[in-house]
Amino acid sequence: MTISENLKHVRECIVKEHAKHDVSLIAVSKTFAVQHIEEAIHCGQLAFGENYAQEGAQKVQYFREHFPALRLEWHFIGPLQSNKTRLVAEHFDWVQSVDRVKIATRLSEQRPSSLGKLNVLVEVNIDDQDTKSGVAPEQLHELLDAVSTLPNLHLRGLMCIPKPREGEEEKYVPFQKMRVLFDQYRQEYALDTLSMGMSADFVEAIRSGSTMVRVGSAIFGARNYKNHL
């Protein structure tokens, strides 16, 4: 299937599931060339997610230079190291993977005033995985407090990347935990975004209350990780 056909299918699934709330689709374009992104843009997709700071920044810059009239929205969704925060702060519109105060502080300090506040989500390690980024649920309140005070950041909500699950019912478990956390802190911090759900589980995520899904392979196809910078 083509990117156009894949996008149509994913959108139809989202429309079918979001009867009670709006859901934003982020097309995860990591490792894919700008030509693939252009094809998605021709189909009306304007929001894209990138995991690697250098690769993502180069793509952002490419579209700013070659298609300045396009109002694209760029989300950084991967683990973020301290030495890459400036690159992300200067190029992206959203950072979905804030998981510690040091990273949030650097993003705020390095955000150019000309770009306005940087939208951020706090990543929660909802399955307590040693190999995954994210703040532990019991430390979430403290981190939300800190991020909410930083002048050049706009705290928007929460994000998670659960461990893969095979059974449909099992997929709901982490999402329902995230929904509880989101509802717990929504009013206190004026949160409006719950980012959860990827190609293999975005339907279950939406049913659990996700307002933003990050779909890559179901749109662009299988990845070749040797392509990323």
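I begin with helix 6 (residues 140-148) and helix 7 (residues 168-189), whose axes come within 12 Å and cross at roughly 30°. Axes here are lines fitted to C-alpha atoms, for helices over the stretch in contact, and angles run from 0 to 180 degrees between N-to-C directions. Helices (H or I, at least four residues) and strands (E, at least two) are DSSP runs numbered from the N terminus. This is a predicted model, in which local features need pLDDT of at least 70 and side-chain atom pairs count only at pLDDT 80 or more, while totals for chains, interfaces and linings use all residues. Residues are numbered from 1 along each chain as its sequence is written, and side-chain values use heavy atoms, with hydrogens and water left out.

Helix 6 and helix 7 are therefore roughly parallel to each other, the term for angles under 35 degrees. On the helix 6 side, the contact (heavy atoms within 4.5 Å) is made by Leu140, His141, Leu144, Asp145 and Ser148. Helix 7 contributes Leu181, Tyr185, Glu188 and Tyr189.

The second pair is helix 2 (residues 34-42) and helix 3 (residues 53-66), with axes that come within 11 Å and cross at roughly 55°. Val34, Ile37, Glu38 and Ile41 of helix 2 meet Lys59, Tyr62 and Phe63 of helix 3.

Which residues have the most contacts inside the largest nonpolar core? They are Leu107 and Leu158, in a core of 60 residues. A nonpolar core is a set of buried Ala, Val, Leu, Ile, Met, Phe, Trp, Tyr and Cys residues joined through side-chain atoms within 4.5 Å. Helix 7 supplies the largest share of this core, six residues. Not counting residues up to four places away in sequence, Leu107 touches Leu80, Thr85, Val88, Ala89, Val95, Val98, Leu118 and Leu153. A second, separate core of six residues includes Ile26, Leu121, Met159 and Met212.

Finally, two backbone details. Thr31, in the loop between strand 1 (24-28) and helix 2, has a positive phi near 75°. At 5% relative accessibility, Thr31 counts as buried, which means under 20% relative accessible area with a 1.4 Å probe, protein chains only. Ala190, in the loop between helix 7 and strand 7 (193-195), also has a positive phi, about 55°. Ala190 is exposed at 57%, the cut-off for exposed being over 50%.

Methods. Parallel < 35°, antiparallel > 145°, perpendicular 65-115°, else oblique.
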